[in-house]
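Opening my notebook on this one. I want to go through the contact between chains and then the packing inside them.

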Number of protein chains: 2
Amino acid sequence: MIKNGMKECSVCHSKFVSPSPRSVSRAYDKHRNQVSSKYRALNFLLVVGDCILVGLQPILVYMSKVDGKFKFSPISVNFLTEVAKVLFAIIMLLFQARRQKVGEKPLLSISTFVQAARNNVLLAVPALLYAINNYLKFIMQLYFNPATVKMLSNLKVLVIAVLLKIIMRRRFSIIQWEALALLLIGISINQLRSLPEGSTALGLPITMIAYVYTLVFVTVPSMASVYNEYALKSQFETSIYLQNLFLYGYGAIFNFLGIVGTAIFKGPGSFNILEGHSKATMFLICNNAAQGILSSFFFKYADTILKKYSSTVATIFTGIASAALFGHTLTVNFILGISIVFISMHQFFSPMAKVKDETQVGKLEMIEAQHPRDVMHLYSISNVVRDSPSSH
Amino acid sequence: MIKNGMKECSVCHSKFVSPSPRSVSRAYDKHRNQVSSKYRALNFLLVVGDCILVGLQPILVYMSKVDGKFKFSPISVNFLTEVAKVLFAIIMLLFQARRQKVGEKPLLSISTFVQAARNNVLLAVPALLYAINNYLKFIMQLYFNPATVKMLSNLKVLVIAVLLKIIMRRRFSIIQWEALALLLIGISINQLRSLPEGSTALGLPITMIAYVYTLVFVTVPSMASVYNEYALKSQFETSIYLQNLFLYGYGAIFNFLGIVGTAIFKGPGSFNILEGHSKATMFLICNNAAQGILSSFFFKYADTILKKYSSTVATIFTGIASAALFGHTLTVNFILGISIVFISMHQFFSPMAKVKDETQVGKLEMIEAQHPRDVMHLYSISNVVRDSPSSH
């Protein structure tokens, strides 16, 4: 933490602030251990919130359809969602600034903003990746039917874990890897019924180009999530609303460029962003925006994998609720699939499955833990040094 | 171990020799640790042997059919299998007796036989349960179709684990319980395709009486296996061939009584044991017998759960082999199912998932381990005391 702070201070004038990935993960772990019970409560709230928002989604989608079709351009939904997120971030930032006590670093000063913008320039990377992903989704549906796309999306969880290992230097035990594989299998079994009849034998008509598209389709959003987690955590001191403002600001810009590009390519007809929208679609956009904002809380205070589990649990609850409300029978696939998902979830978060940190890093942290006061003292000094205007 | 030996000595005149279940399991664990690498090799051979025998089964069944039907009485197969096992046990016993060195306790003396018969009277319990199970199989098929019976049979693995916990005082970690649940789920997913179309929704036409039959159908063979394991291990010093002789002797008697009962009930027509048999059915009977004998090795030197995993792996290899030989395509269900089974297997036998023995029993074993010589000495004395003719 000390080293981390010092480093940031000395490279302050350079454009990229890059603490080592291991130290990001370590600083976060330590931070997490210190306020463990508070974080567990936050995790719980995040999961509950996510379940509600994901659960509302299909209802809002249903309500947004007119005569069973969407009347608006799907690309405009992405742009409006980004705008809604930016608005939300600004509102929350204003609230937070109001509640600031005297003597605290002012949230809305230009120097804070410029400094944060400089430190958080990394957020442009996930924003770009998310924007690319929004376009990829449409391309994928030219090659595969929606059910197959859904199936292939499940591979994301494994790709995310690999990227977390590479980018965040997260370490998983064998049982945790197996738990992730089980999550993938569990979701797939749950979806097996929705696949068209012919494709249940493994002879899918997959060409080489489709393999490449699949790889890109799975890697881009996974990379976006993991990079987002990395960027948000590496600047842990920056307010999450300010980080959101940057992330979604970049997102809005990239999506706007996309719309402009489409307009140039297809003519100005597709430029009418608000065409075909109704009250229901506004709710849908708000729901999408809220899900996006909740994700950023997941990435900063929990992690991408908890987000994945949360979405899966949300889907399960939606399934159970719709069965209870509309009297559907639960299929054997559903029962077996969710059993696997729950076992997977328990195993992934089980203390038995956790990797024990036996490296020197772990030992150093232990020494730090034995002298928390000194470390906190030095940390606060390093903060002051870094944040003082004289260092710019 | 000392206590164990002493106890057996003092209750020698009573009909039941009953060392505490915990001490049986403990004595076995200790024995196992001492010769760990040798046992691992034996386990490997057992699994390979089991795979070969289970793999041959469908081929022999196919060959035994004349015009797609069996011409012999299925009950007679059970009886002839028991007889084959008895013959095999006698032959092996003769071989073993020949190879005995001078000074060793004679295997074929009447006193040894009587003593062993008295000590191993418990084997009558699994023999009776197995015989009952052979009849239950026929009853079950009146209530369920064969695919459903196969599905319900999967529940055995969980029932076996519960019985091992109760009877053998085996302890499983949460991850091991989950691994067993995954085994059950994995096998079920593999079999889902073979279920008739209508029954994939969970609205199976199950009546109360069918529930009771299911419970009995699942518990009886599980109880037989676990009790068999308990009986074989609790008299660890008795030769396994002698134990087999008793087990299958009892089995032959119970099955013979069944045949006699059927003959009385249905008339003497069904009494003709050898009717309708051919060379192929003799091979089938030999295969059944060999599987039974291999089981007893599993129960004595490994355990019932390894046997279950072994059978599952055998089924998987049969599936892959038949796909490779006959050009079947592997279904998504098969791929997902076997992935789950392999993850389950790895987790069950993973050192990470093992329960650490922290009770007083564990501490006592540590003390014993520190003074192995004294213990072995006392143990050999207790053996001599028990085995000397004066104690009878």
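How many salt bridges does the rule find across the interface of chain B and chain A? I got zero, taking a salt bridge as a side-chain nitrogen of Lys or Arg within 4 Å of a carboxyl oxygen of Asp or Glu.

Ground rules, for later me. This is a predicted model, where local features need pLDDT of at least 70, side-chain atom pairs count only at pLDDT 80 or more, and totals for chains, interfaces and linings use all residues. Residues are numbered from 1 along each chain as its sequence is written, chains are lettered from A and ligands numbered from 1 in the order in which they are written, and side-chain values use heavy atoms, with hydrogens and water left out.

**Interface**

I looked up polar contacts next and found five residue pairs across the interface, both residues at pLDDT 80 or more. A polar contact here is a pair of N or O atoms within 3.5 Å; within protein, one must be able to donate a hydrogen and the other to accept it, and residues adjacent in sequence count only if both atoms are side-chain atoms.

On chain B, α9 (174-191) and α14 (332-349) each supply at least two residues of the side that touches chain A. α14(B) gives the most, with nine residues. I took helices as DSSP runs (H or I, at least four residues), numbered from the N terminus.

In contact terms (heavy atoms within 4.5 Å), 31 residues of chain B meet 30 residues of chain A. The two chains bury about 2600 Å² between them, 73% of it on carbon and sulfur atoms; that is accessible area (1.4 Å probe) lost on putting the two parts together, summed over both. B:Ile175, B:Val332 and B:Met352 supply 20% of the area that chain B buries against chain A, more than any other three residues.

**A:Tyr248**

I then picked A:Tyr248, which sits in helix α11 (residues 240-266) of chain A. Is A:Tyr248 buried or exposed? It is buried, because its relative accessible area is 4% and the cut-off for buried is under 20% (1.4 Å probe, protein chains only). Leaving out residues up to four places away in sequence, A:Tyr248 touches A:Glu82, A:Lys85 and A:Gly292, among others. A:Tyr248 and A:Glu82 are 166 residues apart in sequence, yet 5.6 Å apart in space, C-alpha to C-alpha.

**Cores**

Last, the largest nonpolar core: 55 residues, with A:Leu164, A:Phe297 and A:Tyr309 among those touching the most other members. A core here is a set of buried Ala, Val, Leu, Ile, Met, Phe, Trp, Tyr and Cys residues joined through side-chain atoms within 4.5 Å. α11(A) gives the most to this core, with seven residues.

Methods: Buried means under 20% relative accessible area, exposed over 50%, partly exposed in between (1.4 Å probe, protein chains only).
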